[in-house]
Amino acid sequence: MNTIIANEKIDDTKLARARDIISGLYSEQPEYIARGCGPFMAAIYDENGNLIAKAANSVMHDKCSHNHAEMNAIRMAEVALNTHDLSAYNLSLYSTAEPCMMCLGGIMWSGIKSVYFGVPSAVVESITGFDEGFKPNWMDEFKKRGITVYGNIEADAGAKILKDYKKLNRIVYNPKRK
């Protein structure tokens with residue numbers, strides 16, 4: 001069992017819901033990977049448990065570096081709700097992995113109220129080699145902005161998916177630095 005991390009006192013009801021949603025995303029990932037998507041998924045739900053948007057990472061498929069699962073889901077939610085500001089809808093984002101630096105910015109500026117994630121960045125980096133970016137104290141910074149975070153949810157199952165993805169010899173993109 002993974003130790004849950006959070007920026008608030010852990011609420012068992014929120015955690016149970018997050019476990020169910022993230023486990024569901026994990027079960028769908030192989031289908032998306034088979035269609036050429038990357039090994040990450042995200043979904044956005046409203047406070048009543050209604051699915052607003054769900055997306056996979058489509059960077060390689062779409063040849064667009066910012067098409068991470070979280071960014072795709074946010075874009076879909078904004079289209080579905082016809083707004084650039086999701087703050088009025090009390091939405092929660094569920095991701096199979098800890099959001100990278102880019103996605104954290106997108107989440108913060110979108111108006112999402114809560115974030116729940118599976119595999120922590122250190123594990124993502126160790127398995128895939130993807131550079132998650134510089135994210136000092138991001139959970140505390142989100143708390144200051146009223147954004148709740150729970151993480152390390154069903155992370156072992158998510159890590160297995162990442163390992164299976166690597167065994168397929170699929171590309172995990174990283175821009176060349178030198």
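How far apart are the end C-alpha atoms of helix 7 (residues 155-167), and which span should its 13 residues have at 1.5 Å a residue? The end C-alpha atoms are 18 Å apart, which agrees with the 18 Å that helix 7 should span. That expected span is 1.5 Å times one less than the number of residues, and helices here are DSSP runs (H or I, at least four residues), with strands (E, at least two), numbered from the N terminus.

This is a predicted model, where local features need pLDDT of at least 70, side-chain atom pairs count only at pLDDT 80 or more, and totals for chains, interfaces and linings use all residues. Residues are numbered from 1 along each chain as its sequence is written, and side-chain values use heavy atoms, leaving out hydrogens and water.

Let's look around helix 7. Ala155, Gly158, Ala159, Ile161, Leu162 and Tyr165 are buried in helix 7 (under 20% relative accessible area, with exposed being over 50%, for a 1.4 Å probe and protein chains only). They cover an arc of only 155 degrees around the axis, which puts them on the same side of helix 7; the arc is that of the directions from the helix axis to the C-beta atoms. On the other side of helix 7, Asp156 and Lys167 are exposed.

The cover over the buried residues of helix 7 includes these elements:

| Element | Residues |
|---|---|
| helix 1 | 12-34 |
| strand 5 | 114-119 |
| helix 5 | 121-128 |

After helix 7 comes Asn169, with a positive phi near 60 degrees.

Technical notes:
Contact means heavy atoms within 4.5 Å.
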